[in-house]
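Okay, thanks everyone, let's get started.

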Amino acid sequence: MSSSYRLGDLELRSRLIIGTGKYKSFEENRLALDASGAEMITVAVRRVDLTTRSSGSLLDWIPPDRFHILPNTAGCTTAMEAITTAQLARELLDTKLVKLEVIGDPRTLFPDTTATLEAARVLVADGFTVLPYITDDPVACMRLEEIGCAAVMPLGAPIGSGLGIRNPANIRIILESVSCPVIVDAGVGTASDAAIALELGCTAVLMNSGIAGAKDPIKMAHAMKLAVEAGRAAYEAGRMPRRLHAQASSPEAGLIDLS
């Protein structure tokens with residue numbers, strides 16, 4: 001994998017972050033994590049029991065001493081719910097990291113921008129490393145960076161849709177507008193979607209359904225690993241200019257005269 005990047009105090013090399021929802025078992029989730037090469041995995045604090053150890057826990061399969069656990073506030077619909085959930089996660093997992101989600105519409109699962117900004121201000125002031133899920137709105141991303149968020153996480157498409165990046169122009173504007181890491185979150189359905197995000201210049205991608213919802217999640221996790229590596233390498237290499245008309249691959253000067 002190419003050069004590292006930072007999220008708060010963490011230095012990461014893998015540009016793929018995966019989730020913990022929709023897998024058939026904890027074992028399948030761990031196998032996908034290993035195949036993806038990811039160093040960080042996100043956990044919905046309100047939806048996953050992290051305390052019951054007698055019947056097995058996710059943390060038995062994905063121990064925090066081997067992987068960076070990124071708790072998220074999925075399921076929260078108000079700033080106060082998200083703040084309280086983040087504080088609970090800090091106590092349970094002994095981490096300052098939080099993926100901030102405040103959902104504004106239960107049908108589209110689009111984030112509530114106003115509530116996200118409100119919660120981000122409180123959590124940053126409380127010492128959290130905040131990674132906010134947000135719409136692909138450059139202005140909202142700028143405001144979140146100004147607040148002190150460690151990254152911005154614009155959606156590529158609605159959560160779980162698998163539609164890929166629907167508005168690459170907005171992602172490009174976001175990349176021009178902020179200096180913090182930009183992590184595409186939501187909408188990635190297959191490897192080419194992940195590659196496109198990295199080719200645009202995004203720092204990383206976060207996905208869950210794209211891997212867990214595949215017919216073979218383990219193989220798809222490996223495909224996503226290769227995709228982010230290829231996309232980042234292509235971005236660093238710099239693509240050729242787009243042209244409206246053809247241009248010969250071989251030089252025309254010095255051609256042998258066959259007449």
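**Helix packing and the nonpolar cores**

So, Ile83 sits in helix α3; helices here are DSSP runs of H or I with at least four residues, strands are E runs of at least two, and both are numbered from the N terminus. Before I go on: this is a predicted model, where local features need pLDDT of at least 70, side-chain atom pairs count only at pLDDT 80 or more, and totals for chains, interfaces and linings use all residues. Residues are numbered from 1 along each chain as its sequence is written, and side-chain values use heavy atoms, with hydrogens and water left out.

Back to Ile83, then. Ile83 is buried, at a relative accessible area of 7%; buried means under 20%, exposed over 50%, and partly exposed in between, with a 1.4 Å probe and protein chains only. Setting aside neighbours within four places in sequence, Ile83 contacts Ala119, Val122 and Leu123, where contact means heavy atoms within 4.5 Å. Its C-alpha atom is 8.4 Å from that of Ala120, a residue 37 places away along the chain.

Thr73 is in the loop between β5 (68-72) and α3 (79-93). Buried or exposed, this Thr73? Buried, with a relative accessible area of 1%. Leaving out neighbours within four places, Thr73 is in contact with Ala82, Thr85 and Ala86, plus Val98, Lys99, Leu100 and Glu101.

Now the cores. A nonpolar core here is a set of buried Ala, Val, Leu, Ile, Met, Phe, Trp, Tyr and Cys residues joined through side-chain atoms within 4.5 Å. The largest one has 61 residues, and Val205 and Ile211 have the most contacts inside it. Helix α7 (residues 191-200) gives the largest share of this core, six residues. Apart from that core there's another, of 15 residues, including Ile17 and Met153.

Leu200 belongs to α7. Leu200 is buried too, at 15% relative accessible area, and not counting residues up to four places away, Leu200 touches Ile165, Pro168, Ile171, Arg172, Leu175 and Tyr235.

On to helix pairs. Two packed helices are described by the angle between their axes and the distance between the axes. For α7 and α9, the axes come within 7 Å and cross at roughly 25 degrees. Axes are lines fitted to C-alpha atoms, for helices over the stretch in contact, and angles run from 0 to 180 degrees between N-to-C directions. So α7 and α9 are roughly parallel; that label is for angles under 35 degrees, with over 145 roughly antiparallel, 65 to 115 roughly perpendicular and the rest oblique. On the α7 side the contact includes Ala191, Ala194 and Leu200, and on the α9 side Met224, Val228 and Tyr235 are among the residues.

What about α1 (residues 26-36) and α9 (residues 217-237)? Their axes also come within 7 Å and cross at roughly 25 degrees, so α1 is roughly parallel to α9. Here Glu28, Leu31, Ala32, Ala35 and Ser36 of α1 meet Pro217, Ile218, Ala221, His222 and Lys225 of α9. The buried residues of α1 pack against β3 (16-18), β4 (40-44), α2 (58-61), α8 (209-212) and α9. And just after α1, Gly37 takes a positive phi of about 75 degrees.
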